[in-house]
Amino acid sequence: MIKKKTPQERRIILKNADKPAYSNKLACYLKNDGYSMLKKAFKMKPEEIGEEVLKSGVRGRGGAGFPAGMKWKFLDRKSGKPIYLICNADESEPGTFKDRQIMHKDPHQLIEGMMIAAYAIQAKQAFIYIRAEFFEGARILEEAIAEAKSKKFCGDKILGSSYSCDLVVHRGAGAYICGEETGLIESLEGKRPNPRIKPPYFPAVLGLYQCPTIVNNVETLCNVKHILEMGGEEFSKIGKPNNTGTRIWCVSGQVQKPGYYEFECGALTMGEMIYDVCGGLLPGRTLKAIIPGGSSSKILRADERFTGKLKDGTEFDWGIDDIPLDFDGPASVGSMSGSGGIIVMDDTVDMVEAMANINAFYAHESCGQCTPCREGSLWMKKITTRMCDGEARKEDADLLLSVANQIEGRTICAFGEAASWPTQSFIAKFRDEFEEKALNGNTKPPLQLI
Amino acid sequence: MELSEETLSRIEDLIPKYPEKRSAALMVIHLVQDELGAISDDACSWIAEKLEIEPINIKELITFYPMLRETPWGKKHVRVCRTLPCALRGSYGTCKVLEEKLGVKEGHVREDGEFSIEFMECLADCGEGPVVMVGEETFENIEGKNAEKFADLLIQEKLNTSKDFVSYENSLVTQSPVSKTTKKK
C-alpha cells in the first residue's frame, strides 16, 4: 500500500512565530531581517506599492475576500481630506484564531506591514482596532510600537524621511459587530458601533471622521510586507489564480489536533486537512458536518455530493473531502471560506443544539439598528432554544426558515446575512433532525451545546 | 469619584493621540473601569466632561458594549467561552463545574464579592477549547476533570504557580527567552 504524503505547510506569515528562540521583541525581529521591506518601500513611490499589491491579487483575509489592491484603488485621493489606515484586529468570528498568533508572537511584522501600507496610501494616521479580550495582545502591540518609534520605524519622520504616521492601539469592548468595517469606524469615533449604509459610506471615500479610510485585516496587512519582498508578480504565483498567497486555516471542534495551519491556497483539500493534518476525528466517531469559514458560513453535510461548474468552466463532482481549501472552493459548493475558521462536527452532535448555540451568538451580537435583524435573530434563538427544551413543534423548521429569509438582504450591513445563513443551511441540510425533535420530544443529547 | 494619579496621567496622555477627543471614549472608559471596577453615573459625567461631550454619549456606550459595566464583577472574574467551537469540546460542562465549585451562577457575583462567572462569546482561541479566562489571562483545554482541578487551584490561589495550567500569555514568555516586561503594574 502506498502511503499518501501528508501535505506540507508553507509558512510565510507564521514563518517565525513558533520558532523556539523567536520573541516578540524588536531586537529579535531585526535579527530576522525585520523592517528591511519598510526601507525598500521608502525608496519607492507610494503608488508603485499599490500597483504591486494589485498585481499580487491578494484578497482580504478578514472574511469577505475582497481584493486588497482594489480596495486601495477606491481610495478618494482628491478630496484633500486626511487619509486614515485602520487594522481590523477585532478577530471575533467564531472558529477564527489566526490574528491572535500574529499579534502575540510577531507584532513587528504587523507594524511593518502597516507602515508600508500607510506610506503607500499616504495615511496621516494609523490605528489598530483590537478586541478588548486580547488584554496581553494590546500590551504587546503598545510595547512593540514604542520600540519601533524609538528606531524611527513608525511615528515622526519615519526612517528620517519627511513622512510621519502615528500608530495608535485602540481597544474595543466585546462587541462582534465592531469587526464590520463601518461599525468599527463608528466605534473608533467613540460611538455605538452601528454600521453605516453603503452607499454612500464606503470607507475609502467617507470613512473615519468622513475622511477616506482603508480598513484591512491583520493577516492582509502582514501580506503587504511579503508582496513587497517577492514582488506582486511572484506573489501571485503562490496558490492559484484568483486565490493567491497562503492562508492560515483555523481548525476547531471535534478533531484530534485542532490548530492553525498555514498552507498555499488550494494546496490541500478539506479531507487532507481533517485526516492528514489534524489527525482525523476523535476515536470511534464519524464525520457529520463541517462549517468551513467561521460560524456565519453555510454548513456542509458529510454525506453530500457537490456538483457544478467552476469559474473556468470545468465541471466538478465532489464529496466533502474533495473540496479544495482556497477562496473559491467552499464558495463553489454554496458556502464560503470566510475567515478561514473550519469547525468540525461528528456524530455526537445534535444539530438543533448546534443551531441553538449559533443563534444565541447572533442574538447576543446584533447591534439592534435594523428591525429584521434585531427581532429575527432573537426569535431564531428563542425558537431553537425552546426546541432543545423539549417544546419543539412540527412547524418550527419552516418558521425558522421564514424568519431567516426575512432578515437576509433587509439590513444595513452583512450581519443580517451572517445571522441567517446558518439557519437557512442547517434547515436545508438537516431538516430531518429538526422535524424529529417535534415527533420524539427531547431526547437528551450526549453533548450539551446550549 | 477619585482616580489615582497614574490613571489620571494615563488619561491625559491618551486623549491627544486622537484627532477628535470623543474617539478616546472607549479607552478612557477602560482606564476608569480598570481602577473602579464599574462606571457610575458620576464617572459617566466626569468622562463626558473630559471629552467635551454629554454624559449620555458615555452612558450609551456603557449600556451597549458587553465588557463595560455599571456594577462591578467579583474580585476574580472568570470568563468561560460558550460559542460553538468551545461548546463542541465541552464548555457547558466546564461552566457547570465552575459554578458548583466557586459557588456562584453564571452571570452573577458571589455574595462575598470574591468570584463571578460570565459566559462569553467566542474568545478567538478555538483550537484549544474550552477556553477560560481569569482576569486578563487565558487558560486552555479546561474540560471535564481538568475543570475541577482548575477550580480547586483557583480557589486555593495556586493557579498561577501550577504547572498544570499555564496561561496562554505565560506560555508565550516561557517559549521565548525574554522576560515578561509587558505586564502592567
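## Close-up views of chain A and its contact with chain B

**View 1. The contact between chains A and B in the predicted model.** The contact draws on 56 residues from chain A and 41 residues from chain B. On chain A, several elements each supply at least two residues to the side that touches chain B. The helices are α5 (98-105), α7 (135-150), α8 (181-188) and α14 (351-365). The strands are β3 (166-171), β7 (246-253), β8 (259-264) and β13 (341-346). α14(A) gives the most, with six residues. By residue class, the side of chain A that touches chain B holds 24 nonpolar, 20 polar and twelve charged residues.

**View 2. α14(A) against α15(A).** Helix α15 of chain A spans residues 371-391. Its axis lies 8 Å from that of α14(A), and the two helices pack at an angle of about 150°. An angle over 145 degrees counts as roughly antiparallel, so α14(A) is roughly antiparallel to α15(A). Their crossing is left-handed. From α14(A), the contact takes A:V352, A:E353, A:M355, A:A356, A:N359, A:A360, A:Y362 and A:A363. These meet A:S377, A:L378, A:M380, A:K381, A:T384, A:T385, A:M387 and A:C388 in α15(A). The contact residues divide into ten nonpolar, four polar and two charged.

**View 3. α14(A) against α17(A).** Helix α17 of chain A covers residues 415-440. The axes of α14(A) and α17(A) come within 9 Å and cross at roughly 150°. That angle makes α14(A) roughly antiparallel to α17(A). The crossing of α14(A) and α17(A) is left-handed. On the α14(A) side are A:M351, A:V352, A:M355, A:I358, A:N359 and A:Y362. They meet A:A419, A:P422, A:T423, A:F426, A:F430, A:E433, A:F434 and A:K437 in α17(A). Ten residues of this contact are nonpolar, two are polar and two are charged.

**View 4. The fold of chain A around these helices.** Chain A has 17 helices and 13 strands. Its radius of gyration is 22 Å, close to the 22 Å that the globule rule gives for 450 residues, so chain A is as compact as a globular protein of that length. Along the principal axes, the C-alpha atoms fill a box of roughly 75 × 60 × 45 Å. Of the 450 residues in chain A, 58% are buried. Among contacts between residues at least 6 apart in sequence, 73% join residues at least 24 apart.

How values were computed. Residues numbered from 1 in each chain as written. Chains lettered and ligands numbered in written order. Predicted model: local features only at pLDDT ≥ 70, side-chain atom pairs only at ≥ 80, totals over all residues. Helix = DSSP H or I, 4+ residues; strand = E, 2+ residues; numbered from the N terminus. Rg over C-alpha atoms; globule rule 2.2 N^0.38 Å. Buried ≥ 20, exposed ≤ 12 C-beta atoms within 10 Å, placed from the backbone. Contact = placed C-beta atoms within 7 Å. Nonpolar A, V, L, I, M, F, W, Y, C, P; charged D, E, K, R; others polar. Axes fitted to C-alpha atoms, helices over the stretch in contact; angles between N-to-C directions. Parallel < 35°, antiparallel > 145°, perpendicular 65-115°, else oblique. Left-handed = near helix turned anticlockwise from the far one by under 90°.
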